[in-house]
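Biologist: I would like to learn how to read the features of a model such as this one, taking each term with its cut-offs before we apply it. Could we look at it together?

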Amino acid sequence: ETELGRLEEISIDRAPAAPYDRNLVRLAFLAPDIQAMILDGRHPECLNLATLMFSPIPAAWEDQRRMFGIV
């Protein structure tokens with residue numbers, strides 16, 4: 001088996017099974033400044049748990065800032 005095949009197998013084995021857990025994992029990829037704003041309570045009102053868990057969030061941090069109105 002190739003190294004790449006083994007890595008894919010490990011990734012699939014460790015991926016969260018529950019949809020809630022998969023949505024939660026996505027939050028780790030929020031821009032660091034957005035994470036800090038949330039932890040400090042300085043985030044925009046539109047940036048709530050429902051939005052973060054169930055809306056498509058762009059991968060690019062600049063696009064995330066635009067989406068949530070953080071400039």
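Biologist: How many salt bridges does a search of the whole structure find?

Modeller: A salt bridge is a side-chain nitrogen of Lys or Arg within 4 Å of a carboxyl oxygen of Asp or Glu, and a search of the whole structure finds five of them. Before we go on, note that this is a predicted model, in which local features need pLDDT of at least 70 and side-chain atom pairs count only at pLDDT 80 or more, while totals for chains, interfaces and linings use all residues. Residues are numbered from 1 along each chain as its sequence is written, and side-chain values use heavy atoms, with hydrogens and water left out.

Biologist: Which residues are linked in a network of salt bridges?

Modeller: The network links Asp33, Glu62, Asp63, Arg65 and Arg66. Within it, Glu62 forms a salt bridge with Arg65, the closest N and O atoms being 3.3 Å apart, and the side chains of Glu62 and Arg66 also meet in a salt bridge, at 3.9 Å from N to O. Asp63 takes part in a polar contact as well, its side chain pairing with that of Arg66 at 2.5 Å; such a contact is a pair of N or O atoms within 3.5 Å, where within protein one must be able to donate a hydrogen and the other to accept it, and residues adjacent in sequence count only if both atoms are side-chain atoms.

Biologist: Why are Glu62 and Arg65 separated by about one helical turn?

Modeller: Helices (H or I, at least four residues) and strands (E, at least two) are DSSP runs, numbered from the N terminus. Glu62 and Arg65 are separated by about one helical turn because they are three residues apart in helix 5, and Arg66 and Glu62 are likewise about one turn apart because four residues separate them in helix 5. The chain as a whole has five helices and zero strands.

Biologist: Is Arg65 buried or exposed?

Modeller: Buried means under 20% relative accessible area, exposed over 50%, and partly exposed in between, with a 1.4 Å probe and protein chains only. Arg65 has a relative accessible area of 18%, so it counts as buried, whereas Arg66 is exposed at 55%, and Glu62, at 43%, is partly exposed. Asp63 is also partly exposed, at 31%.

Biologist: Which residues does Arg65 touch, not counting residues up to four places away in sequence?

Modeller: Contact means heavy atoms within 4.5 Å, and on that basis Arg65 touches Ala31, Asp33, Ile34 and Ile70.

Biologist: Which residues form the largest nonpolar core?

Modeller: A nonpolar core is a set of buried Ala, Val, Leu, Ile, Met, Phe, Trp, Tyr and Cys residues joined through side-chain atoms within 4.5 Å. The largest one here has eleven residues: Leu27, Leu30, Ala31, Ile34, Met37, Leu47, Leu52, Met53, Ile57, Phe68 and Ile70. The elements that give two or more residues to this core are helix 3 (32-40) and helix 4 (49-54). Leaving aside neighbours within four places in sequence, Leu52 is in contact with Arg26, Leu27, Leu30, Ile38, Leu47, Ile57 and Phe68.

Biologist: What percentage of the 71 residues in the chain do buried residues make up?

Modeller: Buried residues make up 21% of the 71 residues.
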